[in-house]
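Visitor: I would like to learn how to read a structure like this one, feature by feature. Where do we start?

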Amino acid sequence: MQEFGRRHENHQRVPWPAGMEDSPVHLPSPVLALLGSNTLPLPGEESATKTFQASLSHHIEQNEREQKIVEEEISRLAAKLRNLKAARSPLEKQAFACGVVLSPFRRLPDDVLYNIAQQFCFDSGLPTIDSPHRALILGRVSRTFRQIVRNTSAFWKKMRISCSADISIEGCDRQAVEQIAHFATLSGSLALSIHLQEASDEYMETYAGDPHGISHALRWMLDDSNTVSRDVLSRLKQLGITSRRNVSLLRLLMARLVEQGRTLALSSLVIARPHGELDWLCMAAREVARVFLFMPLLKKVWFDPRLELVSDVVTRSDRAPWAQLTVARLGIFVRDDEWRFILTLCPNLEAAWFSVLDDPEGHAINHTASDVFTHHRLKKLVIQFSMGYPADHISVFMGLRFPLLIDLKLQFCSDLKAPGRFGIVARQLQGVFPALQNLFLLNTCSILKKFKYIFPLLMGFSTTTNLSLTMSHIDVPEFAEFLRRRGQDDTLMLPNLRSLHLKFLPKYRRWVKNNEKDLTALLKGIPEARKAAYAARARDAQLTSTSRHNQNTEFDYSIAFSWSPDDHIRHQTPHLEASRKYFTELQRKFQREGTGIPVYIMQEEIPESEDDYLKEDFLKLF
């Protein structure tokens, strides 16, 4: 704002009305000169100003008339545009209908559509949705798909039903039962698999009674007066119950069977707890015996509830049902002697998962050569070492032999106590797993500052071809050196290794920024050194051209960095962020250089140290 002059220091120019200040303007020179002062206009100046003002009024009126005409035209065009848009929607709908009628999809034969439906409903790579619910989704795509899925009984035979745990939710009873009845009707006469699980909702934390939906579904299936439920029960071969009160529900089921004096022709039974729930419920020996008595055809069992001692269970039941088992997950912490007893009791086991306790006497059990027990069927084994188990002596394998075992998972849950003895026992593992191919060592980060004591254990599994190993970044130099090392007979460590997956966790280790360059070089050099060693071995053996062609010198190698929500909770955020930043940059570097080494960065909801981490893979066997 400008002042008028020295004699009017407190007076300021009259402001322009709102909206006019920025508009460009041309004024006659007399008017412009008078604006800068309070001087009274001369008669000639006043007359010129009034004439100019009159002409402005005429132009303003003309502008208003033209503006009104334009606004009316805009309103007319806007109305016309709305009408055109409204008319376009039916036209587009008609064109879409014609496109549907003329779609190439209609020309696909039914067998091709059936294969598409089968891939969608049964492909294990898709998100975890059970086949009946996938079939319902697919049935919404087209009438043809709807006819195919409704006429294909196999899509409806395996169902997972979520039941509300709160009786206050209306319809929770009918919902589970109606789904079972509907899917069973569509499944024809095929064998059925039904898994009842608690729905995960906010009400679960406040309701302390029996999961009403699951118990109602069990009562309905055991209702002899209902034709549909009777048909369901006659075809039921696999039953699963996932609940915080799984033992109560199993007892309800067994009580009804006892009351009706009937047996179930189940081949698979899963009594599990929900993810994240600690299960301290116990099953008595007589209850286990009753399960086998009323389900005499069981071949696969999953018991999350803690069982009583195996010896007590067996003394009160017939041993024949145990001998039928092919897959077992037993909720019992077994000592070395009980573990051996279970294996002798179940000679037909092909897959098993056990939690192992420390020997209360603190020493491994010695077995003579004549005392070695050979299990001739086991192919997949998961061992979870309980808290307190001294991982320095894997005595659980002493005196045993598994000639057909291919897959072995070991989950460590405690620190080493006496590493000096670890190598002694590990050397005795040479003949225990002669056919081992796939080895998974989980949560080895719990072996704080003693990762090198894993190496003798790896030497005991010398036939391994695929190794998945969890470690910390500070363990890489020792591990890289181990892979380059040769034994006394000049053979490579893990001579058959063809696939290596290294997984890094931010477990209680400080990230050292200065070592990143050396770490990158070591991680990049592992596959290069291994391939060079294989090539040298082939040359040293002077293989013929034919045998060299068959000699596989390829080496599959990948790196992953993983963390869980617990890593944030345990105040590891600064280290976690530094680790994640390094592996993100490593991923980009390997991609730029074209090394062919994939680097995966992921968050896992379940920490590797928990038994829930092992569940998903093992449940596929049921």
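Visitor: Is Glu608 buried or exposed?

Guide: First, the ground rules. This is a predicted model: local features need pLDDT of at least 70, side-chain atom pairs count only at pLDDT 80 or more, and totals for chains, interfaces and linings use all residues. Residues are numbered from 1 along each chain as its sequence is written, and side-chain values use heavy atoms, with hydrogens and water left out. Now the term: buried means under 20% relative accessible area, exposed over 50%, partly exposed in between (1.4 Å probe, protein chains only). Glu608 has 4% relative accessibility, so Glu608 counts as buried.

Visitor: Where is Glu608 found?

Guide: Elements come from DSSP runs: helices are H or I with at least four residues, strands are E with at least two, and both are numbered from the N terminus. Glu608 lies in the loop between β18 (599-603) and α21 (612-619).

Visitor: Which side chains make a polar contact with the side chain of Glu608?

Guide: A polar contact is a pair of N or O atoms within 3.5 Å. Within protein, one must be able to donate a hydrogen and the other to accept it, and residues adjacent in sequence count only if both atoms are side-chain atoms. Thr470 is one partner, at 2.6 Å. Lys503 is another, at 2.9 Å.

Visitor: Which residues is Glu608 in contact with, leaving aside its neighbours within four places in sequence?

Guide: Contact means heavy atoms within 4.5 Å. Glu608 is in contact with Gln411, Leu442, Asn443, Thr470, Lys503, Leu505 and Tyr613.

Visitor: What does Ser562 touch, not counting residues up to four places away in sequence?

Guide: Ser562 touches Lys503, Phe504, Leu505, Pro506, Met602 and Glu604. Ser562 sits in strand β17 (residues 556-563). Its relative accessible area is 1%, so Ser562 is buried. The side chains of Ser562 and Glu604 are joined by a polar contact of 2.6 Å.

Visitor: How many salt bridges does a search of the whole structure find?

Guide: Side chains of opposite charge can pair when their charged atoms come close. The cut-off here is a side-chain nitrogen of Lys or Arg within 4 Å of a carboxyl oxygen of Asp or Glu. The search finds 20. One of them joins Arg245 and Glu198, with the closest N and O atoms 3.3 Å apart. This pair links distant parts of the chain, 47 residues apart: Arg245 is in the loop between β3 (236-242) and α9 (246-260), and Glu198 is in strand β2 (residues 192-198). Arg245 is buried at 16%. Glu198 is buried at 9%.

Visitor: Which residues are linked in a network of salt bridges?

Guide: The network links Arg273, Asp304, Arg329, Asp612 and Lys615.

Visitor: By how much of a helical turn are Asp231 and Arg235 separated?

Guide: An α-helix has 3.6 residues a turn, so residues three or four places apart point the same way. Asp231 and Arg235 are 4 residues apart in helix α8 (residues 227-235), so about one helical turn separates them. Their side chains meet in a salt bridge of 2.9 Å, N to O. Asp231 is partly exposed at 33%, whereas Arg235 is buried at 7%.

Visitor: What does Lys589 form with Glu593?

Guide: Lys589 forms a salt bridge with Glu593, the closest N and O atoms being 2.6 Å apart. Lys589 and Glu593 are 4 residues apart in helix α20 (residues 573-593), about one helical turn. Lys589 is partly exposed at 27%, and Glu593 is partly exposed at 37%.

Visitor: Which are the buried residues of helix α16?

Guide: In α16 (residues 476-484) they are Val476, Phe479, Ala480, Phe482 and Leu483. They cover an arc of only 155 degrees around the axis, so they lie on the same side of α16. The arc is taken from the directions from the helix axis to the C-beta atoms.

Visitor: And the chain as a whole: how many helices and strands?

Guide: The chain has 21 helices and 18 strands. Of its 622 residues, 43% count as buried. Among contacts between residues at least 6 apart in sequence, 80% join residues at least 24 apart.
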